[in-house]
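Open the model in your viewer and keep the selection panel at hand. The stops below go from whole domains down to one residue pair.

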Amino acid sequence: MQVPRLLTAPPLPVAGDAWALFLDVDGTLLPFQERPEQVQVTPALKSLLEALYQRLDGALALVSGRPVEELQALFGDPAWPLAGLHGLQLKLPDGRLRQTPVKPESIRQLRHSARRLADDLPGVRLEDKEIAVALHCRAAPARYEALLAACEQAVQALPGFELQPGNLVVEIKPSAMKKGHAVQSLMEVHPFLGRRPVYLGDDLTDEHAFATVNLENGITTRVGIREPTLAQFALRDPVDVQAWLNRLLDIIVQGDPLYARHPTGRTH
Ligand SMILES: O=P(O)(O)OC[C@H]1O[C@H](O[C@H]2O[C@H](CO)[C@@H](O)[C@H](O)[C@H]2O)[C@H](O)[C@@H](O)[C@@H]1O
């Protein structure tokens, strides 16, 4: 049995630090809900992220398994860069959208295969994400092992695709991109370039980003208790994440008297 390591909360920046913040969405910023469409972004979270985005000079990005379009709808069409579908889609700081191309025939095969998997396993729900699929079993958690085995079998007949297991979900996605690649791409451009990457995430898909960020002398934080992990620090849940982000904002603001004039109206 894996013995959980005692990881402490991530540090906060000190004077002179220039951070770039990368945030996973489900399980990190937002608590899990029974169904993907039930999650909500509170006005407090939205304005906290907006204030951090401003104070970090734009070096804040969401890195999610959800499609970019869905992230835009959830967070109210933010200006922040967004990595969707585990990095297969990337909305860059200048607003351009980069998407990994997938042949229509491959997508047709993927959908056909995923539909059959969902039909064969009662309690499993299919989420169609156009070039990737997620097979959810939150309503029937006991089905997880059977679902994983069936997906492992199915993906063998889907060249160019790979499995991405997650929290009561198994996804099948083009193997071309992972979250760490998206982080790397953003770190190469302004305003991320030259900053220290700081990444918060909860799931297996975030481990790839943890590896990338660790190599860049960054700070990695696992949300929850999943083990093993490459993360250096931990926070308990999205409530703790939001509290930590608020402290981070306070620290950044205290070092910058101009913040008193910031449109969010907060004064420090
Ligand atoms: O990378 P993330 O932002 O963490 O996205 C991962 C997947 O999150 C969503 O599924 C998860 O959250 C749902 C809502 O709480 C929950 O019902 C489901 O059981 C979780 O697996 C989303 O639906 C997927 O498309 C994302 O890939």
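Domain bounds here come from an automatic or database domain assignment. This is a predicted model: local features need pLDDT of at least 70, and side-chain atom pairs count only at pLDDT 80 or more, while totals for chains, interfaces and linings use all residues. Residues are numbered from 1 along each chain as its sequence is written.

**Stop 1: the two domains.** Colour 19–100 + 177–261 as domain 1 and 104–174 as domain 2. Their centres, taken over C-alpha atoms, are 26 Å apart. Domain 1 brings 13 residues to the contact and domain 2 brings 14 (contact: C-beta atoms, placed from the backbone, within 7 Å). On the domain 1 side, six of these are nonpolar, five polar and two charged. Nonpolar means Ala, Val, Leu, Ile, Met, Phe, Trp, Tyr, Cys or Pro; charged means Asp, Glu, Lys or Arg; the others, Gly among them, are polar.

**Stop 2: the sheet.** Strands (E, at least two residues) and helices (H or I, at least four) are DSSP runs, numbered from the N terminus. Find the open four-stranded sheet, ordered S6-S7-S9-S8 and paired antiparallel (pairing needs at least two DSSP bridges). S6 (125–128) and S8 (161–166) are the edges; each has a single partner strand, so one side of each lacks a neighbour in the sheet.

**Stop 3: S8 and S9.** Select 169–174 for S9; six bridges join S9 to S8, and the two run antiparallel. Now pick Gln164: its bridge partner in S9 is Glu171.

**Stop 4: the helix.** Select 104–120, helix H3, which lies across S6, S7 (133–136), S8 and S9. H3 runs at about 5° to S7. Axes are lines fitted to C-alpha atoms, for helices over the stretch in contact; angles run from 0 to 180 degrees between N-to-C directions.

Key. Contact = placed C-beta atoms within 7 Å.
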